[in-house]
Amino acid sequence: MAHTPKDFSNILGKLKGISDNQLRQHFTLYEGYVKKLNEIEEKLAKQDKAAANYSFGEFSELKRREAVAFNGAFLHEMYFENLLSKGAPSAELKKASEAAFGSWDAFVADVKASAGSTPGWVLVTYNKVDQKLHTYILFEHHVGLAVHQEIVLALDCWEHAFMIDYGIKKADYLNAFFENVNWDVANKRLSAAKLAAVKK
Ligand SMILES: [Fe+2]
């Protein structure tokens, strides 16, 4: 079944320090990943699997890029969904951040330091193994994604996410990101993640 890009125009004109021009171009880029995901899935369905080959093969190349397009599409959805300066961190999220990082400020500092360590994504996750919050960094969209994680917050640190508004001043973009987090979304994701951990 083909994937359809979601409409995130509800956040236009509502963010602090992240312009509509920046967002519109980012939406277009996200839609490109959805298109490529559909293309890869369509082509994979028609490939000769007997021609799979580690060095080169059409099937093999498509498999190697499948997770790039998939995560490129769905990480962007999580990012846009967790933007919209709304609510406040719940007591549950504060408690989890303090348990994992020592304090809320130390948690925020860890997210920012993680952002400074990757050209790609920072994911704040609920780790179902130790049942704590973690921050993981990704390269491309799929390299570095640890297993047994439920994503609580997705932070796009690719340059396309901030170059229009901030040039190379990534630290200023990170401040803007924290000004715009939709904490209602992050709080709900954490609660759902903890339930998933119980079921595991
Ligand atoms: Fe992006």
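## Iron site

Four donors count as tetrahedral if all angles lie between 85 and 135 degrees. In this predicted model, the iron ion has 4 donor atoms with angles of 86 to 134° among them, and its site is tetrahedral. The iron ion is coordinated at 1.9 to 2.1 Å by NE2 of His26, His76 and His160 and by OD of Asp156. Donors here are N, O and S atoms within 2.8 Å of the metal (3.2 Å for Na, K and Ca); water is not among the atoms, so sites may look incomplete.

Along the chain, the donors of the iron ion have the spacing H-x49-H-x79-D-x3-H. His76 belongs to helix α2 (residues 58-81) and Asp156 to strand β3 (residues 149-156), so this pair ties together parts 80 residues apart in sequence. Helices (H or I, at least four residues) and strands (E, at least two) are DSSP runs, numbered from the N terminus.

## Basis of the model

Residues are numbered from 1 along each chain as its sequence is written, and side-chain values use heavy atoms, with hydrogens and water left out. Local features need pLDDT of at least 70 and side-chain atom pairs count only at pLDDT 80 or more, while totals for chains, interfaces and linings use all residues.

## Helices α3 and α4

The axes of α3 (residues 91-101) and α4 come within 8 Å and cross at roughly 75°. The two helices are therefore roughly perpendicular to each other (65 to 115 degrees; under 35 is roughly parallel, over 145 roughly antiparallel and the rest oblique). Axes are lines fitted to C-alpha atoms, for helices over the stretch in contact, and angles run from 0 to 180 degrees between N-to-C directions.

Leu93, Lys94, Ser97, Glu98 and Phe101 of α3 make the contact with Trp104, Ala106, Phe107 and Asp110 of α4 (contact means heavy atoms within 4.5 Å).

## Helices α4 and α6

Helix α4 (residues 104-115) packs against helix α6 (residues 170-179) at an angle of about 140°, with the axes 11 Å apart. That makes α4 oblique to α6. On the α4 side, Val108, Val111, Lys112 and Ala115 meet Lys170, Leu174, Asn175 and Phe178 of α6.

## Helices α1 and α2

Helix α1 (residues 20-46) and α2 cross at roughly 145°, and their axes come within 8 Å.

Key
Four donors count as tetrahedral if all angles lie between 85 and 135 degrees; four count as square planar and six as octahedral if opposite donors are over 155 degrees apart and all others between 65 and 115; anything else is irregular.
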